[in-house]
Every structure is written in structure tokens, then in C-alpha cells.
Amino acid sequence: MVRKKRTDVPSAGGESSQSRDTGVGSGRATQRPPQQGGAGGGGYSTGRGLVPQSQQTGRGGYSAGGRGRGTSQQQFAERPPEYQGRGRGGPPQQGGRGRGSGGSGGGPFHGGPSQPPYPELHQATQPFHGPASFEAGSSSRPPEHAPLAQSLNIPEEAGQAIQPVPSSSKSVRFPLRPGKGCTGTKCIVKANHFFAELPDKDLHQYDVTITPEVASRGVNRAVMEQLVKLYRESYLGKHLPAYDGRKSLYTAGPLPFVSKEFKITLIDDDDGSGMQRRECEFRVVIKLAARADLHHLGLFLQGKQADAPQEALQVLDIVLRELPTSRYCPVGRSFYSPYLGRKQSLGEGIESWRGFYQSIRPTQMGLSLNIDMSSTAFIEPLPVIDFVAQLLNRDVSSRPLSDADRVKIKKALRGVKVEVTHRGNMRRKYRISGLTSQATRELTFPVDERGTMKSVVEYFYETYGFVIQHTQWPCLQVGNQQRANYLPMEVCKIVEGQRYSKRLNERQITALLRVTCQRPQEREYDIIETVHQNAYYEDPHAKEFGIKISEKLASVEARILPAPWLKYHDTGREKNCLPQVGQWNMMNKVSLAANAGAFNVLLSRI
């Protein structure tokens with residue numbers, strides 16, 4: 001590695017901000033609580049759940065209630081790949097209308113003047129009469145860092161009892177359904193929900209302050225992991241807390257203090273250089289913030305309370321995310337790994353990883369864990385030279401790089417983490433901030449205070465015995481403006497596990513959709529296999545909080561609705577049509593829209 005003391009370089013680029021998740025299987029929808037005569041959020045989501053929403057009015061307005069799906073005859077329903085969409089609709093209300101994001105799955109519920117009442121779902125073996133609906137779409141999820149209560153008076157002494165907090169103002173109240181439907185043929189379907197036992201624990205939330213503050217959740221988790229390792233048996237009262245990676249810590253039962261400060265030292269990973277590793281000291285303050293029990297959640301699941309206690313659900317969700325967060329690469333609410341399925345190349349140095357979505361949900365049949373399969377794009381862990389060859393789609397040694405090539409390479413590599421390969425077992429990591437404007441053979445730097453200059457090519461040969469082959473290429477620039485370092489591309493390899501957050505091109509999107517398209521039986525098998533592999537019954541955090549997850553798919557009652565008659569224009573030979581097996585043709589039929597368009601053309605000529 002070459003370090004230049006003084007140089008004019010482009011501004012250092014950090015990690016690229018993440019764009020929308022290109023991974024299939026992660027659509028999102030949001031909903032606001034309805035208001036009488038006011039604006040209310042609505043939406044539809046047809047691919048990720050089986051809990052129906054109450055009868056809707058307006059355009060759109062059907063919710064499948066949490067990323068589940070179901071099919072008759074004990075099968076999964078095939079669905080197209082998922083995209084985020086937008087819809088209009090909302091719960092029944094007087095004079096209200098709203099806009100909402102359509103969830104993933106893009107099913108047939110696109111709107112119309114009104115929607116018929118949908119049946120209340122029951123467990124196949126035992127009916128459950130609870131709240132008619134609890135969420136608007138698959139992605140109405142609790143906020144990431146919502147506090148457990150509005151306020152809490154902290155006692156001056158740790159031994160004083162903590163008073164229960166009032167019900168949260170963030171709870172969402174949904175209207176009751178007007179009735180149940182009875183049309184259609186009854187059947188049993190499977191949903192990708194796994195029932196969970198409601199724990200009987202006192203949940204406590206603690207505020208966490210880490211100084212110096214870092215933006216990386218990974219560093220925060222490493223600090224708290226070290227703290228639990230050192231002080232679990234003593235200061236933490238043998239509790240195993242769950243941490244959200246930011247500002248909140250949760251325990252099953254109170255810690256033996258109201259507020260306490262810790263000093264934690266982290267040591268850098270061994271990079272194989274044999275040099276003394278750098279130590280970083282952090283100051284951690286843990287302070288009691290709130291207490292909430294699960295009583296209100298139990299009442300909601302029993303149908304005795306209309307509003308869903310989102311904060312209690314948030315705690316349970318964070319607890320169940322601890323294990324997969326330590327095993328896999330977390331992206332939003334999903335987790336990915338190169339070992340969860342076969343990796344597929346998407347072209348231009350990008351590959352797809354398989355993963356799964358996970359979320360705890362309240363349903364009419366009780367608490368359940370929703371699991372669904374997904375995929376997203378990661379950067380292939382290739383030598384930088386090979387990555388550039390794939391990116392440019394040509395032999396890189398055939399001709400020198402053009403200005404357009406340099407711009408494309410710089411855009412693709414900025415913010416990417418690489419490790420050096422020319423120093424044996426030493427694998428020091430750096431983050432790319434840009435490219436040099438000069439070729440490697442033209443780069444020189446001062447080697448002493450007198451200003452003696454040496455070329456990069458000479459330095460690597462004399463210091464490491466490494467002969468640079470691609471001297472006509474620019475060097476990677478790592479570090480920042482004050483301490484710019486130069487690394488030849490051929491001595492760098494991309495670190496594995498970096499999500500590709502930039503926009504995919506059309507070919508890559510097509511390849512990703514092809515990878516994620518599965519038959520229902522295959523998707524069902526993958527979901528069950530994921531649950532078995534996660535082994536929630538062995539999860540130490542789930543045991544600590546008393547959460548038990550079933551390993552069987554939920555079975556629910558459903559109805560297959562008869563196909564509706566379709567009305568076509570009277571000028572056609574066939575004016576009405578009844579679809580068969582979900583399909584029909586347009587022979588001898590004239591659509592109403594086409595006839596209206598022809599009529600408008602005629603009027604324009606008069």
C-alpha cells in the first residue's frame with residue numbers, strides 16, 4: 001500500500017446510500033388509522049398473508065394481513081414476482097378517502113366500486129373469534145425504535161416497584177367487519193405462518209448510549225455483545241438482553257439497577273500482519289426507560305381489546321431477530337446468506353443471494369411468526385480486475401480504459417470494501433473512495449521528509465517483490481482526502497457479503513426474477529427448511545423471553561369464490577362471458593374501453 005503525504009484527490013466516498021430493495025419478496029405497505037370523515041390510509045397486499053381486512057370501499061382496499069399466502073388442497077398458491085405498487089382505498093368510513101402503498105404480490109384485487117365482504121379466517125380445527133382485522137397489508141409493521149411508553153417516572157431507588165405504563169398512543173384501532181361471507185366452496189389452505197406461544201414475562205426497555213457514537217449497527221452490536229459476555233453473570237443479574245443495534249435494550253425482567261455506566265474495550269480483528277492490534281474504548285450507559293407487560297397483547301388476541309399494542313410486538317420481533325442477525329447478513333427485515341440457497345450470477349459482477357423475511361404478527365388464531373423467502377443482489381467477492389472485466393464485458397488487457405470506462409468503474413466501486421492479497425496471510429481491509437486520474441506507472445509519492453520521490457511500481461517491487469502487470473490502469477484510492485492511499489487493482493479482492501444497493505439494469509432484474517420464481521411446492525419446502533434450520537427451540541434469546549415457535553405451517557379454512565360474469569360491449573357477437581379455470585379469450589367480443597375510444601375518435605371528426 002502506498003501512502004501519499006500531499007495530494008489533490010477527489011472527496012472520499014463513503015458507503016453508498018441504499019436504494020429501494022431490489023430483492024424479490026420484500027414489498028411494503030403502510031396504513032394509517034381510519035378517521036370519521038377524514039383522510040385515511042389504505043392499500044392492498046395480496047401475496048403475503050391470509051388474515052382478511054374488513055370490507056373496503058373506494059379503489060383498492062383488500063389486505064391479506066401479513067406476508068402470508070395460502071392455497072386450496074394443501075398447496076401454496078403460485079404468484080408472480082413481487083414489486084412495490086401504489087393503490088387507492090381505505091377502510092369503510094364516511095366521506096373519507098386515502099392513498100396507500102400496495103404490497104407485494106400484485107394479486108387480482110385491483111379495485112372497483114366496492115369489495116364484497118371477506119370471510120373471517122378460522123383455524124381448521126378450532127374456530128377463533130377475535131378482532132376482524134389487525135393490519136393493513138403485509139408491511140404494516142411496528143416502528144423500528146418506538147418507545148414502550150409515553151412516559152415513566154423512574155424511582156429514585158432501585159428497590160422501588162415500577163408502576164405499569166398506560167396503553168400506548170401509537171396503537172392502531174381498526175373497524176370491525178360488518179359480517180361474514182358464505183359464498184363459494186369451503187376448503188383448507190396452508191399459510192406461511194408458524195404459531196407462537198405468548199410469553200408470560202415482564203418486558204423492560206432500557207435506553208443505551210454508546211460513546212463515542214458510531215453509525216454502524218455492527219460495531220454497536222459488537223460492543224453490547226462484549227458487555228453481555230463480561231457482565232451477564234454479575235451486573236446484568238444473569239439476564240440475556242435483546243438489543244436493536246441502536247438505542248434500545250430489552251430484558252425479560254428488571255436488571256438490578258436503574259442506571260449504570262460500563263467501559264468496554266474492543267480489539268481489531270487479527271489481519272495476519274503480526275503487529276499489535278488497535279484497541280478502541282467505548283463508554284456505555286444503560287438506563288431504565290419503561291416497562292410493559294403482555295397483558296394488553298393477550299387481550300387483543302382474545303378479541304377483548306380493539307387496538308393492537310405495537311410496542312409489545314416490537315420487543316418480541318427484536319428478540320426473535322437476535323439469532324438470525326448473528327448468523328446471516330441482515331437487510332431491512334430480511335436475512336441473507338450464500339449458504340441458504342444456490343447463488344446465481346446476475347451479470348456485471350453482481351450475484352443473487354437467497355434469504356428469508358421474518359416478522360411476528362398477531363392474527364385471529366393467535367400470535368404467529370411470518371416467514372417468507374426472498375432474494376436480493378450482492379457484489380461478487382471477486383478480484384477487482386475480474387470484477388472490472390465483468391463490468392465492462394470485455395477483455396481488459398485488449399485496449400486502454402476510456403473516460404467512460406473510468407466513470408463506470410468509479411461509480412461501481414465507490415464505497416466497496418476490499419482486502420489486499422499481496423502480503424500473504426495479512427488481509428487488511430480498506431474502503432474504496434475513488435480512482436486515480438493517472439495510470440499506475442505514472443504515480444509517484446514522497447518516501448521521506450526531504451521529498452525523495454518513488455514510483456508505485458518500484459515501491460511494490462522493492463518492498464513486496466510484487467511485479468505490477470497492469471501498469472496502464474489507474475490505482476484504487478482508499479482512505480480520505482487528508483491521508484490518501486493508493487492500491488493497484490490487481491492486489492485487491494472484494495470482501496464477501498456486501499449488498500449491491502444501486503439500481504439494477506433490465507437484464508439483471510430479469511435474471512433476478514428468473515431466480516426467485518418458484519413452484520408452490522418448492523417455496524413451501526424452502527420455508528419449512530428455513531424454520532428447521534433456524535431452530536427457534538434452541539434460540540437462547542427465545543428461551544430467555546419464553547417464546548416458543550411451532551415448526552408446522554398454519555392451516556386455516558377458506559372459500560373458493562365462483563368466477564364472476566364479464567360484461568362486454570353490445571356491438572360484439574358475445575356480450576357476456578364466464579371465465580373457465582381463471583381464463584377466457586377475446587374472440588367475438590368488443591371491450592367497453594375500445595368502443596369508447598372509437599366513439600371519441602368519431603366525435604373528434606365531426
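Two strands pair if DSSP finds at least two bridges between them. Strands (E, at least two residues) and helices (H or I, at least four) are DSSP runs numbered from the N terminus.

This is a predicted model, in which local features need pLDDT of at least 70, side-chain atom pairs count only at pLDDT 80 or more, and totals for chains, interfaces and linings use all residues. Residues are numbered from 1 along each chain as its sequence is written, and side-chain values use heavy atoms, with hydrogens and water left out.

Five strands form an open sheet in the order E8-E9-E7-E11-E10, with antiparallel pairing. E8 and E10 are the edge strands, each pairing on one side only. E7 and E11 run antiparallel and are joined by nine bridges; Gln205 stands opposite Ala290 in E11. Helix H1 packs on the sheet and touches E7, E8, E9, E10 and E11 (contact means heavy atoms within 4.5 Å). The direction of H1 makes about 110° with that of E10.

| Element | Residues |
|---|---|
| Strand E7 | residues 203–211 |
| Strand E8 | residues 242–243 |
| Strand E9 | residues 248–252 |
| Strand E10 | residues 259–267 |
| Strand E11 | residues 279–292 |

Helix H4 (residues 384–392) packs against helix H5 (residues 403–413) at an angle of about 120°, with the axes 11 Å apart. Axes are lines fitted to C-alpha atoms, for helices over the stretch in contact, and angles run from 0 to 180 degrees between N-to-C directions. H4 and H5 are therefore oblique to each other (angles under 35 degrees count as roughly parallel, over 145 as roughly antiparallel, 65 to 115 as roughly perpendicular and the rest as oblique). Val384, Phe387, Val388, Leu391 and Leu392 in H4 meet Asp405, Lys408, Ile409, Ala412 and Leu413 in H5.
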